[in-house]
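Student: Please take me through one part of this model in close detail. Keep it brisk, and give the cut-off behind each term.

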Amino acid sequence: MTMPDTPTCSLTARAPASETDAAAGFSESDLAAIAATAGDLGIDKPRAETRVVVAMSGGVDSSVTAALLAEQGYEVVGVTMQLYDHGAAIQKANTCCAGKDIHDARRVADSIGIPHYVVDYEGRFLSDVMEQFADSYVSGETPVPCVLCNQTVKFRDLLTAARDLGADALATGHYVRRVPGGQGVEMRRGANPGKDQSYFLFATTAEQLDFLRFPLGGLSKAETRALARRYNLPTADKAESQDICFVPDGDYARVVEKLRPGATKPGDIVHVDGTVLGRHEGIIHYTIGQRRGIDVGGMAERLYVVRLDPAANRVIVGPRSALGRDRFVIRDLNWLGGGAAPPAEGVRCTVKIRNSFTPAAALVRPGDSAGRAEVDLDDPVHGVAPGQACVLYDGDRVLGGGWIMRRGAA
Amino acid sequence: MSGSRSDRPAVYLDYNATAPLRPEALEAMTRALEAGGNPSSVHGPGRRARATVEDAREAVAALVNARPEQVIFTSGGTEADALALTGTGRARAIVSAVEHDAVLKAHPETRLCPVDSHGILDLEALAALLAEEPEPARVIVSVMLANNETGAVQPVKKAAKIAHDAGAIIHCDAVQGPGRMAVDIHALRVDLLTLSAHKLGGPPGVGALIVADPLALAPVQRGGGQERGKRAGTENVPGIAGFGAVAKVLASRGREEAEAARALQERLEAGIADIAPSAVIHGAGAAARLPNTTCVGLPGVTNQSQLMALDLGGVAVSAGAACSSGKVAASHVLRAMGLSEETAREAVRISLGWASTVADVDAFLEAWRPLARRARPVATVDGGVAQRT
């Protein structure tokens, strides 16, 4: 099955080890200057009296975030979220419920001398992220669980916990920038295009953004790695996972089947011209734009998944030309472009319909009901998949985004 | 870098987890460590170590009105519970729903006896459960003396009568008892009783099972013939010496310390009511409650947040049972009392002890005050919301 969009949740940390080679070549004064810039949170208070909660995953990004803020004089409190039973996720008995990441986060906190706590969000993560993920798949969508996690447990629950602690800010290791602007705080893409995580943060509200800080937003991964080594962090050379955290083996279908038993049924693979071409083992195994894995031999043309029809339990395939779309509707719009919603006449912007997508020019107008918007692309694009996020940009600035709806959905 | 901020608490109010070591225990342990010797050895150092162990055994026996030969030293409360529940060879166990995990998980065939909304064992339910047993003589009942989370004192003597009338035997986990209330194995009429040194200001890693009458008890840990064949393994002489020293201190000061704790508890709970009118003391309706234990729920503020904020404010308390990962689970004790998962996750436990002071209690109240401001207001009968002052 095709992977849902590549997750880049900073709290599960990622980056190929090859990048570590690039970490060499920074002088101590370079790194000190980088840390000083990154560690200026712009809070009008003596740093020693400024309490900052850092969401620590056990990965290198959040470890560096905590270390550099502690170095820059803030009162740093590390918090790690327990999101799911690690032992159950990897199906091995007698493993700790927490797994190695919590252990690593604790070791990092000890090494930099900050208090560290584990908060239990297993129940909320199950209902607000994992079950949503499964339901989305079952209904023929391609979900982005990392957005849901940021939106719920991270920036709703953890943020509330940080406020309960009397913190002045919640900092994470995401590669995204928070820039004070004329009409309030703006979100901008991470300075390094290869590491930008803004796609996964589009649902951050203005109120949340006000409380959040992203010290790594202006850094490259090489700079982060170099800082990790400078702070002697136990996680400095930790390998990173490209998987969704609760699907460590990449087998999404198994997770969906476990959460929603019996929801997957075999059905027909149908050509856009109506011809039944073969059978599939459940629509959860397919994603819009997917070519490999469509087992209908003997066709002269290359076929792609064009549409998933959960009602009829059908996978609709067609030639590459059938993939193109230039209009769709998004729901649950989060608007960060100033004002309560996009202007009635629409706004010219660029959009990303998955994380690894070159932004495409579009006109975005308010939709016919609350929280909806219509996206009109200048040119058709391939792989518009319901359930994926559509994130709106003005250059580097994130204007917000929403979830791509199925054609004709109410 | 910021250095030692990671272990800040200066105010320790978590005696039910473990109590600070008393100087008397430290001194006795230091002496025993320096003296060395294996109590099983024939030579002089061995005999002196033996004397240290037997001296401690007498003190521990006296603490609960038992005879020295009834005391089996163990590695702690958990081992003593395991020895009681499995070493007695009973086919089935009936234990209260609010027992510590050391009891809940000790016997493979365990049924739970419910408690009421104050956390007190339901004696009628106990009698009914025993009546359902095909062979009550093959049953062991276990009821704790007082609950570690709420402090609710259990009707152990009445439970013992019910168990014995049915032909069963009964064990009592009394680790939270000494220094907080009187503990007398004869008055309680239980067959077995568990003690732990570190809950009393002794060292961790040492406890005892007190066996009231000659009872067939099979060792769980086999090897040498130590503890009259009931618990193999070279005795933890320094730990036992520390335990004995604490038992002696409690024999003379136990009542006085309990009274002092009661006065602090009253101050604490009055302060809580003043700061947060919506706060609830769980188990407050119990007929008797330990003088050192207060379990308080703050509506709208999770105990995770409370624990973290208090710790950052230099105050150590606890909540529920912490997993090895450090996450806080909802208390099975509060759930057994009928509280919702959400309410159970709003409760923290403050437990006082021998070194607690008025200043400690006041420091807790000060650190808790900002959290109390975030609490949900008291709901009134008509569904409205009362004004907080």
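Tutor: What follows starts with the sheets of chain B and then turns to the annotated positions, domains and a hairpin of chain A.

The model is predicted: local features need pLDDT of at least 70, side-chain atom pairs count only at pLDDT 80 or more, and totals for chains, interfaces and linings use all residues. Residues are numbered from 1 along each chain as its sequence is written, with chains lettered from A and ligands numbered from 1 in the order in which they are written.

Begin with the open sheet of 7 strands in chain B. Its order is 2-8-7-6-5-3-4, and the pairing is mixed. Strands (E, at least two residues) and helices (H or I, at least four) are DSSP runs numbered from the N terminus. Two strands pair if DSSP finds at least two bridges between them. Strand 2 (71-74) and strand 4 (110-113) of chain B are at the edges. Each has a single partner strand, so one side of each lacks a neighbour in the sheet. On average, neighbouring strands of this sheet are turned by 20 degrees against each other, direction ignored. Axes here are lines fitted to C-alpha atoms, for helices over the stretch in contact, and angles run from 0 to 180 degrees between N-to-C directions.

Strand 3 (residues 92-96) of chain B pairs with strand 4 of chain B in the parallel sense, over 4 bridges. B:A93 has B:T110 as its bridge partner in strand 4. Helix 5 (residues 123-132) of chain B packs on the sheet there, touching strand 3, strand 4 and strand 5 of chain B. The direction of helix 5 makes about 150 degrees with that of strand 4 of chain B. Contact means C-beta atoms, placed from the backbone, within 7 Å.

Helix 3 (residues 77-87) of chain B lies across strand 2, strand 3, strand 5 (139-142), strand 6 (169-173), strand 7 (192-196) and strand 8 (207-211) of chain B. It runs at about 30 degrees to strand 8 of chain B. Helix 3 of chain B is mostly covered, with 10 of its 11 residues buried. Buried means 20 or more other C-beta atoms within 10 Å of the residue's own; exposed means 12 or fewer, and partly exposed lies in between, with C-beta atoms placed from the backbone. The buried residues include B:E79, B:D81 and B:L83. After helix 3 of chain B comes B:G89, with a positive phi near 70 degrees.

Chain B also has an open sheet of 3 strands. The order is 9-10-12, with antiparallel pairing. Strand 9 (280-282) and strand 12 (347-351) of chain B are its edges; each has a single partner strand, so one side of each has no neighbour in the sheet. Strand 10 (residues 293-297) of chain B pairs with strand 12 of chain B over 5 antiparallel bridges. B:C295 finds its bridge partner, B:R349, in strand 12.

Now chain A. UniProt, in an unreviewed entry, lists A:C149 and A:C245 as "active site". UniProt positions follow the numbering used here, feature names are shortened, and annotations may be inferred rather than shown by experiment. The pair is spread over 97 residues of sequence, yet the largest C-alpha distance is 10.7 Å. A:C149 sits in helix 6 (residues 145-164) of chain A. It has 29 C-beta neighbours inside 10 Å, so A:C149 counts as buried. A:C245 is in the loop between helix 8 (221-230) and helix 9 (252-259) of chain A. A:C245 is buried too, because 23 other C-beta atoms lie within 10 Å.

The unreviewed entry also gives a "binding site" feature, with A:D61 and A:G173 among its positions. A:D61 belongs to helix 2 (residues 60-71) of chain A. With 29 other C-beta atoms within 10 Å, A:D61 is buried. A:G173 lies in the loop between strand 4 (169-171) and strand 5 (176-181) of chain A. A:G173 has 27 C-beta neighbours inside 10 Å and is buried.

The domain assignment, whose bounds come from an automatic or database source, gives chain A domain 1 (10-230), domain 2 (265-320) and domain 3 (324-404). Domain 1 of chain A puts 5 residues into its contact with domain 2 of chain A, which puts in 7.

The hairpin has 4 residues between the strands, and A:N313 in the turn has a positive phi of about 55 degrees. A:V305 is bridged to A:V317 in strand 11 of chain A.

Definitions and conventions. Two residues are in contact if their C-beta atoms, placed from the backbone, lie within 7 Å.
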